[in-house]
Amino acid sequence: MAAVATCGSGAGGTGSVAAAAGKSNVTSFQRRGTKASGTDSGGPRLVSIAGTRPSVRNGQLLVSTGLPALDQLLGGGLAVGTVLLIEEDKYNIYSPLLFKYFLAEGIITGHTLLVASAKEDPADILRELPAPLFDYHCKKEFDEDTCNHKTPETNTEMKIAWRYQLLPKMEASQHTNLFLTFAKQIGPVSSSRFGHYYDASKRIPQELLEASKWHGFFLPEKVSSTLKVEPCSLTHGYIKLLQFIQNIIYEEGFDGSNPQKKQKNILRIGIQSLGSPLWGDDICCTENCDNSHSLTKFLYVLRGLLRTSLSACIITMPTHLIQSKTVIARVTNLSDTVVALESFIGSERETNPLYKDYHGLIHILQIPRLNNLICDESDVKDLAFKLKRKLFTIEVEKILPG
């Protein structure tokens with residue numbers, strides 16, 4: 001319970017993330033003057049970290065989710081110090097893809113990974129990550145997708161790749177520039193770029209995994225089945241995981257406590273199927289469960305750890321199995337960004353010809369209100385996703401009238 005007592009108070013503020021990124025004695029109110037030395041700029045500067053960029057809306061440091069289409073929907077990416085909750089689809093087929101894209105992006109950009117699961121060994125999860133696409137192959141995939149959609153039925157309203165669908169305000173000249181950029185960047189993916197594309201049909205090269213730095217938390221190895229746990233507000237698995245995350249953040253200086261560390265980095269945390277019975281939580285089994293507050297308290301403490309460190313977290317959760325709507329509402333409020341996947345498998349839409357071009361719907365339920373007085377809302381509604389042979393694409397759903 002040391003983790004709970006130490007970190008619960010940090011859940012409120014977002015400014016501490018900037019403090020962790022780089023401490024400076026110069027305030028924002030100091031008048032800009034002459035340089036005292038050749039290296040001093042006389043004012044605060046943004047910290048440059050590979051695989052990040054500042055938000056154009058509020059200046060918050062962003063990382064890519066590993067899916068550029070999703071980055072666009074979330075306002076440019078996932079803010080450092082926040083939690084992205086993925087509500088799993090009914091059969092848990094497509095949500096693991098978003099989970100793996102987030103981790104694969106961390107491998108490519110050189111970020112440190114922390115993978116937690118109660119079902120799969122983290123080493124096995126990493127071996128199943130998708131391989132990065134070469135820019136030339138990525139352009140080819142988009143070209144093929146555009147050509148395949150040129151059918152007589154959709155001649156007037158052509159369904160094209162997410163790059164066009166999700167940028168309705170972009171001018172035609174900018175569309176051309178995008179493809180010119182692709183043509184000029186023929187070669188391997190660049191780790192300095194923000195957001196990459198991945199081939200879902202291939203696995204990430206072993207060389208990249210060996211060169212990466214990651215930490216694994218496999219619940220069956222951390223918790224003994226014969227261990228007697230005293231009554232507590234958190235399950236033993238949640239306590240162990242919080243302590244594990246806290247130790248990594250503090251020992252490796254992601255909280256900014258190590259001023260000697262010149263090269264800053266991001267900690268990407270991925271937690272798989274949180275709240276499922278495998279985590280020792282009975283929240284999915286009964287509406288009035290004894291540990292109904294265990295999951296929400298875990299999220300509260302976790303968010304406190306994230307707010308005071310250079311880290312970002314993605315959590316997948318089987319919310320469709322949680323019986324209590326009150327708990328679901330609390331989980332949503334304790335998350336910063338919430339995205340839900342609705343698969344067509346087993347539903348009437350699976351055989352409906354109007355939805356034949358899609359595999360499901362994606363709902364942006366919540367966007368964080370960082371440094372704002374009002375909540376941000378996505379400009380694009382009616383989103384659908386499709387898993388092709390290589391690419392997972394998000395498109396604006398357009399159902400043509402019969």
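Helices α12 and α13 (residues 325-333) pack at an angle of about 5°, and their axes lie 10 Å apart. Because angles under 35 degrees count as roughly parallel, α12 is roughly parallel to α13. The model described here is predicted. Its chain of 402 residues is 51% buried by residue count, and its secondary structure comprises 13 helices and 14 strands.

**Helix packing around α12**

- On the α12 side, Leu-295, Thr-296, Leu-299 and Arg-303 meet Arg-330, Val-331 and Asn-333 of α13.
- Helix α12 also packs with helix α11 (residues 236-251), at an angle of about 5° and with the axes 11 Å apart.
- Helix α11 is therefore roughly parallel to α12.
- From α11, the contact is made by Tyr-238, Leu-241, Leu-242, Ile-245, Gln-246, Ile-249 and Tyr-250.
- From α12, the contributors to this contact are Ser-294, Leu-295, Phe-298, Val-301, Leu-302 and Leu-305.

- Ser-309 lies in the loop between α12 (294-307) and β10 (311-317).
- Ser-309 is buried, because its relative accessible area is 0%, and buried means under 20%.
- A polar atom of the Ser-309 side chain lies 2.8 Å from the backbone oxygen of Leu-305.

**The loop between β9 and α12**

- Cys-284 is placed in the loop between β9 (267-271) and α12.
- With a relative accessibility of 11%, Cys-284 counts as buried.
- Leaving aside residues up to four places away in sequence, Cys-284 touches Gly-275, Ser-276, Pro-277, Pro-318, Leu-321, Ile-322 and Gln-323.
- Between Cys-284 and Thr-319 the separation is 35 residues in sequence and 8.3 Å in space, taken from C-alpha to C-alpha.
- Ser-273 is found in the loop between β9 and α12 as well.
- The phi angle of Ser-273 is near 50°, a positive value in a residue other than glycine.
- Ser-273 counts as buried, at 13% relative accessibility.

**The loop between β4 and α4**

- Asn-92 is located in the loop between β4 (83-87) and α4.
- Asn-92 has a phi angle near 55°, which is a positive value in a residue other than glycine.
- At 27% relative accessibility, Asn-92 counts as partly exposed.

**Nonpolar cores**

- In soluble globular proteins, nonpolar side chains tend to be buried together.
- The largest nonpolar core has 45 residues, among which Leu-103, Phe-392 and Ile-394 touch the most other members.
- Helix α4 (residues 95-109) gives the most to this core, with nine residues.
- A second, separate core of 39 residues includes Leu-234, Phe-244, Ile-315 and Leu-334.
- Which residues does Leu-103 touch, not counting residues up to four places away in sequence? They are Leu-113, Val-115, Ile-125, Leu-126, Leu-129 and Gly-270.

**The chain as a whole**

- Of the contacts in the chain with a separation of 6 or more, 74% are between residues 24 or more positions apart.
- The accessible surface of the chain is about 20,100 Å², and 51% of this surface belongs to carbon and sulfur atoms.

Technical notes:
Residues are numbered from 1 along each chain as its sequence is written. This is a predicted model: local features need pLDDT of at least 70, side-chain atom pairs count only at pLDDT 80 or more; totals for chains, interfaces and linings use all residues. Side-chain values use heavy atoms; hydrogens and water are left out. A nonpolar core is a set of buried Ala, Val, Leu, Ile, Met, Phe, Trp, Tyr and Cys residues joined through side-chain atoms within 4.5 Å. Buried means under 20% relative accessible area, exposed over 50%, partly exposed in between (1.4 Å probe, protein chains only). Helices (H or I, at least four residues) and strands (E, at least two) are DSSP runs, numbered from the N terminus. Contact means heavy atoms within 4.5 Å. A polar contact is a pair of N or O atoms within 3.5 Å; within protein, one must be able to donate a hydrogen and the other to accept it, and residues adjacent in sequence count only if both atoms are side-chain atoms. Accessible areas come from the Shrake-Rupley method with a 1.4 Å probe; for residues, only the protein chains shown count as cover. Axes are lines fitted to C-alpha atoms, for helices over the stretch in contact, and angles run from 0 to 180 degrees between N-to-C directions. Angles under 35 degrees count as roughly parallel, over 145 as roughly antiparallel, 65 to 115 as roughly perpendicular and the rest as oblique.
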